[in-house]
Amino acid sequence: MTTILLDTETNGQEPQEPIEVAWVELEEGPAFFLNRKTNIHIDRYKPELISTYGALATHHIMPEELRKCKPSSEAIIPPTDYLIGHNVDFDWQVMGQPPCKRICTLAMARVVYPRVDSYSLVALSYYLRGANLLVKDVVKNAHCALDDVALCHWILQAIVDERYITDMESLYVFSEKCRIPEIISFGKHKGTPIWQLPKSYVQWLLRQPDLDPYLQKAIEKYCR
């Protein structure tokens with residue numbers, strides 16, 4: 001089985017076009033799959049639409065740096081059984097929604113480390129590795145896709161160690177469990193536990209054509 005850890009930077013437009021893609025292939029072994037990294041890949045692409053100012057403020061990749069790059073439409077990742085990322089659905093969608101099982105370090109971190117005030121890659125890196133100059137030096141290039149892959153790898157290793165997870169399918173099952181929310185994160189009832197939502201609001205949510213499938217699972221789990 002193949003596992004890829006992925007990060008993308010995009011132009012911030014709709015639909016999102018990748019301008020930088022980084023991934024590493026992870027292999028399982030006697031010490032679990034995180035001790036060996038192979039097939040490290042990073043590349044840049046030229047989008048049809050230039051980056052928004054908000055996107056530029058995040059990744060600082062200027063349009064002139066992409067003029068001679070391949071078009072974003074040629075950005076691909078190899079076939080994989082498992083795809084890992086921090087908010088993995090975003091990167092999965094950017095890369096064309098390839099068929100695979102998705103593992104989300106963001107969702108798992110929210111469950112494993114419930115008292116952290118921020119779940120960004122940098123904040124979690126400081127939390128897990130310490131607020132010190134050595135970590136500062138490592139995270140200074142955050143939002144470079146390859147550096148974000150490395151930070152995500154740090155977080156993944158910590159979660160695996162914390163929960164004594166020893167195989168990829170168990171990690172996927174844990175990720176799926178973590179992705180089912182217990183608290184509504186938007187709208188007029190933001191911050192309310194799912195099981196305390198008014199029935200009328202629950203019925204309204206279920207009528208929405210774009211309802212998040214994990215929120216639907218939460219409603220089915222807590223409200224029926």
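Trainee: Let me start with one residue. Which residue in strand 2 stands opposite threonine 10?

Mentor: Proline 18 does. Keep in mind that this is a predicted model. Now widen the view from that pair to the strands. Strand 1 covers residues 3-10, and strand 2 covers residues 18-26. Eight bridges join the two, and they run antiparallel.

Trainee: How many bridges join strand 1 to strand 5?

Mentor: Three bridges link strand 1 to strand 5, residues 82-85. These two strands run parallel. To find the pairing on screen, look for isoleucine 4, which stands opposite leucine 83 of strand 5.

Trainee: How do I read the two faces of a strand? Which residues of strand 1 lie on each side?

Mentor: The general idea comes first. In a regular strand, side chains alternate between the two faces of the sheet. Now the case here. Thr3, Leu5, Asp7 and Glu9 sit on one side of strand 1. Ile4, Leu6, Thr8 and Thr10 sit on the other.

Trainee: Are those faces of strand 1 covered or uncovered?

Mentor: Both are covered, and the residues on each side are all buried.

Trainee: On to helices. Which residues of helix 9 are buried?

Mentor: The general idea again. An α-helix has 3.6 residues a turn, so residues three or four places apart point the same way. In helix 9, residues 213-222, the buried ones are Tyr214, Leu215, Ala218 and Ile219. Viewed down the axis of helix 9, they fall within an arc of 150°, so they line one face.

Trainee: What covers the buried residues of helix 9?

Mentor: The cover includes helix 7 (168-178) and helix 8 (199-206). Check the start of helix 9 too. There, a side-chain oxygen of aspartate 212 comes to within 2.8 Å of the backbone nitrogen of tyrosine 214.

Trainee: Next, charged pairs. How many salt bridges does the structure hold?

Mentor: Nine. Read each one by asking where its partners lie. Aspartate 43 pairs with lysine 70, with the closest N and O atoms 3.2 Å apart. Aspartate 43 belongs to strand 3 (residues 37-46) and lysine 70 to strand 4 (residues 70-71), so the pair ties together parts that are 27 residues apart in sequence.

Trainee: What about arginine 179 and glutamate 176: buried or exposed?

Mentor: Arginine 179 counts as buried, because its relative accessibility is 11% and buried means under 20%. Glutamate 176 is buried as well, at 15%. Their side chains meet in a salt bridge, 3.9 Å from N to O. Salt bridges with shared partners join Asp89, Arg102, Glu176, Arg179 and Lys217 into one network.

Trainee: Where is aspartate 89 placed, and which residues does aspartate 89 contact beyond its sequence neighbours?

Mentor: Aspartate 89 lies in helix 2, residues 88-94. Aspartate 89 is buried, with 18% relative accessibility. Leaving aside neighbours within four places in sequence, aspartate 89 is in contact with Arg102 and Arg179. Its side chain has a polar contact of 2.7 Å with that of arginine 102. Another polar contact, of 2.3 Å, joins the side chains of aspartate 89 and arginine 179.

Technical notes. Residues are numbered from 1 along each chain as its sequence is written. This is a predicted model: local features need pLDDT of at least 70, side-chain atom pairs count only at pLDDT 80 or more; totals for chains, interfaces and linings use all residues. Side-chain values use heavy atoms; hydrogens and water are left out. Buried means under 20% relative accessible area, exposed over 50%, partly exposed in between (1.4 Å probe, protein chains only). Helices (H or I, at least four residues) and strands (E, at least two) are DSSP runs, numbered from the N terminus. Two strands pair if DSSP finds at least two bridges between them. A salt bridge is a side-chain nitrogen of Lys or Arg within 4 Å of a carboxyl oxygen of Asp or Glu. The arc is that of the directions from the helix axis to the C-beta atoms. Contact means heavy atoms within 4.5 Å. A polar contact is a pair of N or O atoms within 3.5 Å; within protein, one must be able to donate a hydrogen and the other to accept it, and residues adjacent in sequence count only if both atoms are side-chain atoms.
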